Amino acid sequence: MSTTTTKSSHVYGIGVLIIVVASMACIGYYQYFWLPESFSKAQVDEHILNPTKQTIIEIIEGSSSPDQQDNYVPKLVNIQLSLDNDVVWKNVDSTPHTVTPDSHDKSFIEDGYSGAFGSTGVIMPGEEYQFLFTEGAGNSEKVIDYHCDPHPWMKGSLVISKLRF
Ligand SMILES: [Cu+2]
C-alpha cells in the first residue's frame, strides 16, 4: 500500500515537472520569437503598408544606349509614405536592365520591412521590379540614387518623405 502511494506521488512529481518545463519553454518562445516579430511588424503603419497608389517608373525603349537621355522615366520621383511608396519599375525596353542602389551602405539601402533595396539580377524585357519603401529619414527626406549595372549611364533618384498633412 505504502509503495503504491510513493510510486503515484513520484509519477505526479514528474508530471508537474513536465508541465513546468513545457510552460517555461512556451514563455521563452513567446518572448524571444513571437513578441519581437509581432513588434517589428507592428512598427510599420498600416497606411504605409497599403499606400493609396503605386509609383510607376518605366525603363523605356532604347535605354541601353548612352545617347538616350531618358531611361528611367521619370528619372526623379518624390515619394510620400502611405501615399505612393509602392514603387514599380517596368522594363518596357528590349534589353535586360537592373535597379541597383549607388550606395553600398547596407544600413542605408536596407528597409526595415522590405529588406535590401535593389533588383536581384536583371529585370528582363516585359518584367518588373517592385519595392515597398516604408522608411523615411527621420523628419527629413531620404534620397536614394540608383543606376543600371550593365549600363551605368542609366541613373535615377528617389526622394522619400513622410506624408505632410
Ligand atoms: Cu540598363
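The following dialogue examines how several descriptions of this predicted model are reached.

Biologist: What makes up the chain, and in which order do its elements run from the N terminus on?

Modeller: The chain has 3 helices and 10 strands. From the N terminus on, the order is α-α-β-β-β-β-β-α-β-β-β-β-β.

Biologist: Why is Ser82 called partly exposed?

Modeller: Ser82 has 16 C-beta neighbours inside 10 Å. A buried residue needs 20 or more, and an exposed one has 12 or fewer. The value of 16 lies in between, so Ser82 counts as partly exposed. Ser82 belongs to the loop between β3 and β4 (86-91), and it has a positive phi of about 80 degrees although it is not a glycine.

Biologist: Why does Pro66 count as exposed?

Modeller: Pro66 has 10 C-beta neighbours inside 10 Å. The limit for an exposed residue is 12 or fewer, so Pro66 counts as exposed. Its place is in the loop between β1 and β2.

Biologist: How far apart are Pro66 and Trp153 in sequence and in space?

Modeller: The two are 87 residues apart in sequence, while their C-alpha atoms are 6.2 Å apart in space. For the chain, among contacts between residues at least 6 apart in sequence, 68% join residues at least 24 apart.

Biologist: How do you know that β1 and β4 pair, and in which sense?

Modeller: Two strands pair if at least two bridges are found between them. Strand β1 (residues 54-59) and β4 have 6 bridges, so they pair, and the sense is parallel. Within this pairing, Ile57 has Trp89 of β4 as its bridge partner.

Biologist: What joins β4 to β8?

Modeller: There are 5 bridges between β4 and strand β8 (residues 128-132), and the two run antiparallel. Val87 stands opposite Phe131 in β8, and Asp86 has Leu132 in β8 as its bridge partner.

Biologist: Which residues of the largest nonpolar core touch the most other members?

Modeller: This core has 19 residues, and those touching the most other members are Ile79, Val87, Trp89, Val99, Tyr129, Phe133 and Ile160. The elements that give two or more residues to this core are β1, β4, β8, β9 (142-147) and β10 (155-161).

Biologist: What does Trp89 touch, leaving aside residues up to four places away in sequence?

Modeller: Trp89 touches Ile57, Ile59, Val99, Ile123, Glu128 and Tyr129.

Biologist: What is known of the peptide bond from Val73 to Pro74?

Modeller: This bond is cis, with omega near -5 degrees. Pro74 is placed in the loop between β2 (72-73) and β3 (76-80).

Definitions and conventions
Residues numbered from 1 in each chain as written. Predicted model: local features only at pLDDT ≥ 70, side-chain atom pairs only at ≥ 80, totals over all residues. Helix = DSSP H or I, 4+ residues; strand = E, 2+ residues; numbered from the N terminus. Core = buried A, V, L, I, M, F, W, Y, C linked by C-beta atoms within 7 Å. Contact = placed C-beta atoms within 7 Å.
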